[in-house]
Amino acid sequence: QVQLVESGGGLVQAGGSLRLSCVVSGVIFSSKAVAWYRQTPGKQRELVAAIASDGSENYADSVKGRFTISRDNAKNTVYLQMNSLKSEDTAVYYCKTGVWVLGRMYGDYWGQGTQVTVSS
């Protein structure tokens, strides 16, 4: 079955950095897009960054220039490098796999989430 396992979350001071990892199994990883989303209590889950199967990257305006998404097809892993973190980046971060079409992510498989807390 399809599984996504996130790791790398934690507590960091504002201005600091974290790197999240998402390991995907049960799919032909190189043919899939993977996206990172985040969610805070009472709010909808929002797209943070996505990387398509061809390696093209997409970012939410709020993280452009600070976050970088990358993939290692040999390890079935997608990373989210988060720099210059702000308190508003505090959220549970989830990864999702599927296909990226015309600026949208389509897929049904999610990870369990990893908490990122940025203290000011």
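Predicted model: local features only at pLDDT ≥ 70, side-chain atom pairs only at ≥ 80, totals over all residues.
V99 lies in strand β9, which runs over residues 91-101. Eight of the eleven β9 residues are buried, so the strand is largely enclosed by the rest of the structure.

**Strand partners**

- β9 pairs with strand β4 (residues 33-39) in the antiparallel sense, over seven bridges; G98 of β9 is the bridge partner of A33.
- Strand β10 (residues 104-110) also pairs with β9 in the antiparallel sense, here over five bridges, and T97 stands opposite Y109 of β10.
- With strand β11 (residues 114-119), β9 has three bridges, again antiparallel; Y93 faces T114 across this pairing.
- Two residues separate β9 from β10 in a hairpin, and L102 in the turn has a positive phi of about 50°.

**The disulfide**

- The whole structure holds one disulfide, formed by C22 and C95 with their sulfur atoms 2.1 Å apart.
- This pair links distant parts of the chain: C22 sits in strand β3 (residues 18-25) and C95 in β9, 73 residues apart.
- The torsion about the S-S bond of C22 and C95 is about 70°, so the disulfide is right-handed.
- C22 counts as buried because its relative accessibility is 0%, below the 20% cut-off; C95 is buried too, with a relative accessible area of 0%.

- V99 is partly exposed, because its relative accessible area of 37% falls between 20% and 50%.

Definitions and conventions. Residues numbered from 1 in each chain as written. Heavy atoms only, no water. Helix = DSSP H or I, 4+ residues; strand = E, 2+ residues; numbered from the N terminus. Buried < 20%, exposed > 50% of the residue type's maximum accessible area, 1.4 Å probe, protein only. Disulfide = S-S within 2.5 Å. Pairing = 2+ DSSP bridges.
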